[in-house]
Amino acid sequence: MRFYGLDLNLLVVLDVLLTEQNITRAGERLHLSQPATSAALARLRDYFEDDLLVQVGRKMVRTPIGEGLVQPIRDLLIQMKATLENRSLFNPGESNRKFSLIVSDYVGTVLIPEVSRRMNQVAPLCSIELFSPHNNPADQIERGEMDLLLLPDLQITPEHPSQALFEEEFVCVASNDFPLDRGKLSFEQYKLMSHVLVRWGERRTPSVDEWFLQKFSVERRCDVITTTFNSVPAFLIGTNRLATMHRRLAELWVAYLPLQILPLPWEAPKLTIAMQWNKYQQHDPGLTWLRHLIAETAETL
């Protein structure tokens with residue numbers, strides 16, 4: 001299809017080229033050969049009468065016109081996708097749509113399995129694909145690459161609609177034979193013991209650590225730093241280590257492993273898990289249905 005003389009398929013190519021700023025990587029994402037990707041870039045340069053991307057040293061950078069096209073092209077593609085998704089009513093019993101969600105392994109353990117079970121009952125042909133959050137997961141919502149983001153509300157952007165799902169509190173988890181100070185975990189013992197921490201992304205600092213440091217200006221001694229919440233319990237068994245975990249996740253693991261839950265000896269703010277989606281997908285009937293399903297499931301936690 002052409003619009004003002006431009007093949008609209010080239011807009012998809014332009015979006016990826018401006019994002020990757022690399023012909024080879026763009027071609028891989030588009031499943032095009034490097035010559036075909038280069039030819040598409042040549043056609044785009046001819047249409048916009050600008051280089052769009054130029055070689056500077058060993059990398060390509062956007063020209064001012066290319067930079068100015070990044071967000072408008074992305075918004076246009078998202079709006080086109082949303083318009084096409086809105087063409088007809090979403091029928092859960094017949095749709096085979098795949099939904100892409102960015103979730104932490106905590107949310108992927110305590111919430112999404114039940115969402116999936118409910119989906120299987122009413123939309124047996126639909127599926128969910130989960131992606132781990134990286135440095136700035138909200139960017140993937142902004143670019144329309146993911147359908148939903150389910151993370152702590154501190155990690156969502158005010159630029160797009162969102163909905164709070166549920167609150168979570170933190171507890172301590174330790175081995176069953178952990179040596180308690182006079183039968184309970186004191187704050188002094190908490191500070192002195194070694195801990196297992198979870199850190200992911202470029203910042204490598206989870207919110208519970210930030211709260212602790214801001215409140216007490218004390219860094220905990222760490223024996224293990226891992227990248228997933230579900231890997232923490234294995235590092236506690238048979239040791240004198242402590243971990244600060246989400247209560248719901250801790251309760252799941254304590255039911256199967258020789259671990260115990262202890263009250264957190266300092267007051268940590270509660271965590272709010274929120275759901276976010278792109279503003280241009282606000283009226284997507286399939287996503288509207290899924291958002292309601294997730295919200296209803298979260299109410300049962």
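Predicted model: local features only at pLDDT ≥ 70, side-chain atom pairs only at ≥ 80, totals over all residues.
## Ground rules

Local features here need pLDDT of at least 70, side-chain atom pairs count only at pLDDT 80 or more, and totals for chains, interfaces and linings use all residues. Residues are numbered from 1 along each chain as its sequence is written, and side-chain values use heavy atoms, with hydrogens and water left out.

## Salt bridges

Take a salt bridge as a side-chain nitrogen of Lys or Arg within 4 Å of a carboxyl oxygen of Asp or Glu; the count then comes to 15. Helices (H or I, at least four residues) and strands (E, at least two) are DSSP runs, numbered from the N terminus.

Arg248 pairs up with Glu168, closest N and O atoms 3.4 Å apart. Buried means under 20% relative accessible area, exposed over 50%, and partly exposed in between (1.4 Å probe, protein chains only). Glu168 is buried at 3%, while Arg248 is partly exposed at 22%.

Arg118 and Glu114 make a salt bridge too, at 3.2 Å, N to O. Both sit in helix α6 (residues 112-122), four residues apart, about one turn of the helix. There's also a salt-bridge network linking Glu20, Arg25, Arg29 and Glu145.

## Positive phi without glycine

His31 isn't a glycine, yet its phi is positive, about 60°. You'll find His31 in the loop between α2 (23-30) and α3 (34-48), and it's exposed, at 74% relative accessibility.

Ser217, also not a glycine, has a positive phi of about 55°. Its loop runs between α9 (207-216) and β11 (222-226), and Ser217 is exposed at 65%.
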